[in-house]
Structure formats: structure tokens, C-alpha cells
Amino acid sequence: MLARLQRFVTFGLIAFAVAWGSLALARGRPGWAAGGVLVVVGGYLAFMALEFVVAAWQHKDDPAPRATAGQLVRAWWGEVTTSPRVFCWSQPFRSNVWPDHLPPGAGSRGVVLVHGFVCNRGFWNTWLPRLRAHGVPHVAVNLEPVFGEIRDYAAAVGEAVARVEAATGLPPVVVAHSMGGLAVRAWLARGEGAAHRVITIATPHHGTWAARFSNSLNARDMQHQSGLLAFLESKESAETRGRFTCFYSHCDNIVFPPSTATLEGADNRHVQGVAHVHLADQPVVFDETLRWVARGS
């Protein structure tokens, strides 16, 4: 469903730019032809810049270090170059190009990958071939319905964990981006399985200010002090939290203030100068995943 929706949006933007340019050329206005492209591209760049301005404004007294102007600009550039690849190519057109990898008799620990809000398994297309090259068994889930309640995604996470554990004989490392981290916590709250380690990337563990601008069920779950967040906190022990590594950034343009992406008792890792989607592509995150795959206990 999501891939179809994002294909429609991508083709719609291209059609708008082409139609504008064709009409302008037909009327002998070549300067206007470039205007159609500028409206699409310029609007995208400006909207992304606004997200970073709001995130910096909402930092306030958050314990994470305040980002400098230079860090925010670099994070903005990283995000505006990464997001189109994810949302206009990998997810709508390439979500199944890298299938799950569970070779018979796999002897090494595996990985489960859980995407975030308005995403699908194509989000992990930069990870999947690298995991395969390292010989790591893995499964990447699709969380559906796209705008459903987060606790309903727990079943998909549990199914993926069970598949990897059945193939390897070992509890997997679960890696989750953004909303996906809450889906993993919802699965853990059911008490139906366990993970060797949970690594979250820019997950709104305490909600995010930006969630107020969507009325979908899963966005409501990501609002500060939501019922889901209170439920998850009530279900988690210190031992459970101790199995989490939480990557977060003071330049996150979606989950802010920054420390909302941390958990008390977890190994919280601050990554400087990186935005929300781009954080998943940082070498430190992938390397930490491989470290826990190789770790015996």
C-alpha cells in the first residue's frame, strides 16, 4: 500500500514539473519552464529547512548539546540528499529488491530490521546487501496498516523475530528506526519473545513535538505523554531497558527535543550533526549492530 502511495506522489511531482515546463515552452517562455522545477525543488528545500528551524527552537533546556548553525546546515544537507532516495526510489520502487536472507543451517546470530513512520522495508536497502555480505541472516518487516495503532505492529515484529530465531537458533539483534522502536517495545511488552539486543535509531521513546501535526493513529501514539508511551513504560523493567542501545541526535528534524529519543537505563549514544533519516546510514550504527551480532551474550 505504501509503495503504491509513494509511487503516485513521485509520479505526480514529475508530471507537475513536466506539464509546467511543456506549457511554458509552448508559450515561448523558457524561463518559466525552469520555474516548475524550482517550485518543486525549492519548496522541498524550504520545508526541510523549516523543520530544522523548529527543532532548534524546541531544543530549549534539553540536556543534549545544542547544535551549532554549521551542524544544522550540514544535517539539513544530509537529509535533503538522503530522503529523496528513500521516499522517491527505494520505498516506492525497490522495496523488494533485497529479499530476506535466512540461509539453511545459518550458524550466526541474525538481525530483524523494523522501519518507521510512513516507511516500508525499502528503508533498509543500504543495510540489506551489507548484512548479506557479512553473512548475517536477516529479515526486514513491513508494518501495516500504514496509519494503524503502533501496538498492532507488535505481531509483525514477533513473527520476524521467530523466523530469524528458528533459522539461527539464537535470539536476534533487533534494529529499529523511529516509530519502529516503539513497535519493538510494544512487542516486548507482550512477553512473547526476547531479543539479544535492541538498537533504536531516532525513536521517539518519550514522544515528539512534531507528532501533533498528524491525526493518524500511530502519530497520536507518538505524541508526548500518549497512552501508548505510558503503557510501555509501565511494562518495562530495568533489565529490559538495559538491553537497549538508543542512537539520537541534536539535529533530528522529526524527533525532538533530542533527549526524547533516549531511554533511562539504556546505552544512549549521541551522534552529532545528523538528521532523522540520515542517522540510519551512519557507520557507527551499522558497526554497533555487527558488534552485537558477534557478541556471545
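Start by selecting Leu188, Gly193, Ala194, Ala195, Val198, Glu239, Thr240, Arg243 and Phe244, which line the second largest pocket. A pocket here is an open set of points on a 1 Å grid over the protein atoms alone, where a 1.4 Å probe fits, with protein on both sides within 12 Å along at least five of seven lines, and a lining residue has an atom within 4 Å of a point. The volume of this second pocket is about 160 Å³, taken as the space filled by probe spheres set on the points, with grid points joined across faces, edges and corners. Its lining divides into five nonpolar, two polar and two charged residues, where Ala, Val, Leu, Ile, Met, Phe, Trp, Tyr, Cys and Pro count as nonpolar, Asp, Glu, Lys and Arg as charged, and the others, Gly among them, as polar.

The model is predicted, so local features need pLDDT of at least 70 and side-chain atom pairs count only at pLDDT 80 or more, whereas totals for chains, interfaces and linings use all residues. Residues are numbered from 1 along each chain as its sequence is written, and side-chain values use heavy atoms, with hydrogens and water left out.

Next, select helix H6 (residues 179-189), where nine of the eleven residues are buried; buried means under 20% relative accessible area with a 1.4 Å probe and protein chains only, and helices (H or I, at least four residues) and strands (E, at least two) are DSSP runs numbered from the N terminus. Among the buried residues of H6 are Met179, Arg185 and Trp187, and just after the helix Gly191 takes a positive phi of about 70°.

From Arg185, move to Arg241, which touches Arg185, Glu233, Glu236, Leu263, Glu264, Gly265 and Ala266 when residues up to four places away in sequence are not counted, a contact being heavy atoms within 4.5 Å. Arg241 is found in helix H9 (residues 238-241) and is buried, with a relative accessible area of 10%. Its side chain reaches the backbone oxygen of Glu264 at 3.3 Å.

Now select strand E1 (111-114), of which both faces are covered, with Val111 and Leu113 buried on one side and Val112 and Val114 buried on the other. E1 pairs with strand E2 (residues 138-140) in the parallel sense over three bridges, and His138 in E2 is the bridge partner of Val111.

Which backbone oxygen does the side chain of Arg121 reach at 2.9 Å? That oxygen belongs to Ser95, while the backbone oxygen of Ala140 lies 3.2 Å from a polar atom of the Arg121 side chain.

For the largest pocket, with a volume of about 1,400 Å³, select Phe47, Met48, Glu51, Phe87 and Ile254, which lie nearest its centre among 43 lining residues. Helix H1 (2-26), helix H2 (30-57) and helix H3 (69-93) each supply at least two residues of this lining, and H2 gives the most, with nine. By class, the lining has 31 nonpolar, ten polar and two charged residues.

Finish at Cys251, in the loop between strand E5 (244-248) and strand E6 (267-270), which is buried with a relative accessible area of 1%. Leaving out residues up to four places away in sequence, Cys251 touches Phe52, Ala67, Gln71, Leu72, Ala75, Gly273, Val274 and Ala275.

Notes:
A polar contact is a pair of N or O atoms within 3.5 Å; within protein, one must be able to donate a hydrogen and the other to accept it, and residues adjacent in sequence count only if both atoms are side-chain atoms. Buried means under 20% relative accessible area, exposed over 50%, partly exposed in between (1.4 Å probe, protein chains only). Two strands pair if DSSP finds at least two bridges between them.
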